[in-house]
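Please look over the sequence and the 3D model shown here, and keep both at hand while reading the report.

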Amino acid sequence: MPPVDPDTPIYSVKVEPGVTYDDVVTSLKVAAEGANFVSPANFPLGEHIKQRGLPLEGVLEVRSYCNLSLGAEIMLDHPEFAVFAPCRIAIYEKDKQLYLALDRPSFDLKYIKHPTERAVKAAQKLEEVLLSIIDKARKGEI
């Protein structure tokens, strides 16, 4: 996996050759469940764009993920962090290449004034686990 750029909230990675959209979705589901995350909502943005007659090619969607144990560690000290919850992973296609992207919880926490040590550690752990889930999904691992 490419290194995380600390200056951007978005971590994006290419899906490996031969791994299909269906492989990615299945892998995300299995990896998330194995890490005690639930996926409370999926947003098929691309389908809605296409329904409006706009010329979108490929996949564009956002899947939400939540681990309330870790999330609570942040929101108990900083309830305003709920604006960033649940965590989100995008699946998108660009130039006929499938990608996964994460909105990094540790970066989002930078917008909270004076975050507690507990919140910082929880955001780092959330991000670590989400990156692991993405790594498995980009390879189509089950």
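## Basis of the model

This is a predicted model, in which local features need pLDDT of at least 70 and side-chain atom pairs count only at pLDDT 80 or more, while totals for chains, interfaces and linings use all residues. Residues are numbered from 1 along each chain as its sequence is written, and side-chain values use heavy atoms, with hydrogens and water left out.

## The cavity

A search of the whole structure finds one cavity of 30 Å³ or more, a cavity being a set of points on a 1 Å grid over the protein atoms alone where a 1.4 Å probe fits but cannot get out. The largest cavity holds about 110 Å³ of space, the volume being the space filled by probe spheres set on the grid points, which are joined across faces, edges and corners.

Its lining (residues with an atom within 4 Å of a point) consists of 13 residues, and Gly71, Ala85, Pro86, Cys87 and Leu126 lie nearest the centre. Helices α3 (68-75) and α4 (105-108) each supply at least two residues of this lining, where helices are DSSP runs (H or I) of at least four residues and strands are runs (E) of at least two, numbered from the N terminus. By class, ten of the lining residues are nonpolar, two polar and one charged; Ala, Val, Leu, Ile, Met, Phe, Trp, Tyr, Cys and Pro count as nonpolar, Asp, Glu, Lys and Arg as charged, and the others, Gly among them, as polar.

## Asn67

The Asn67 side chain reaches the backbone nitrogen of Ser69 at 3.1 Å. Leaving aside residues up to four places away in sequence, Asn67 touches Ala35, Asn36, Phe37 and Leu126, contact meaning heavy atoms within 4.5 Å.

The structure holds 13 salt bridges, each a side-chain nitrogen of Lys or Arg within 4 Å of a carboxyl oxygen of Asp or Glu. Asp135 pairs with Arg138 at 2.8 Å, N to O, and these two lie three residues apart in helix α5 (residues 117-139), about one turn of the helix. Asp135 also forms a salt bridge with Lys139, the closest N and O atoms being 3.3 Å apart.

Arg138 is buried at 12% relative accessibility, whereas Lys139 is partly exposed at 30%. Lys139 in turn meets Glu141 in a salt bridge of 3.4 Å, N to O. Through shared partners, salt bridges join Glu16, Asp135, Arg138, Lys139 and Glu141 into one network.

Terms used
On a 1 Å grid over the protein atoms alone, a cavity is a set of points where a 1.4 Å probe fits but cannot get out, and a pocket is an open set with protein on both sides within 12 Å along at least five of seven lines; lining residues have an atom within 4 Å of a point. A polar contact is a pair of N or O atoms within 3.5 Å; within protein, one must be able to donate a hydrogen and the other to accept it, and residues adjacent in sequence count only if both atoms are side-chain atoms. Buried means under 20% relative accessible area, exposed over 50%, partly exposed in between (1.4 Å probe, protein chains only).
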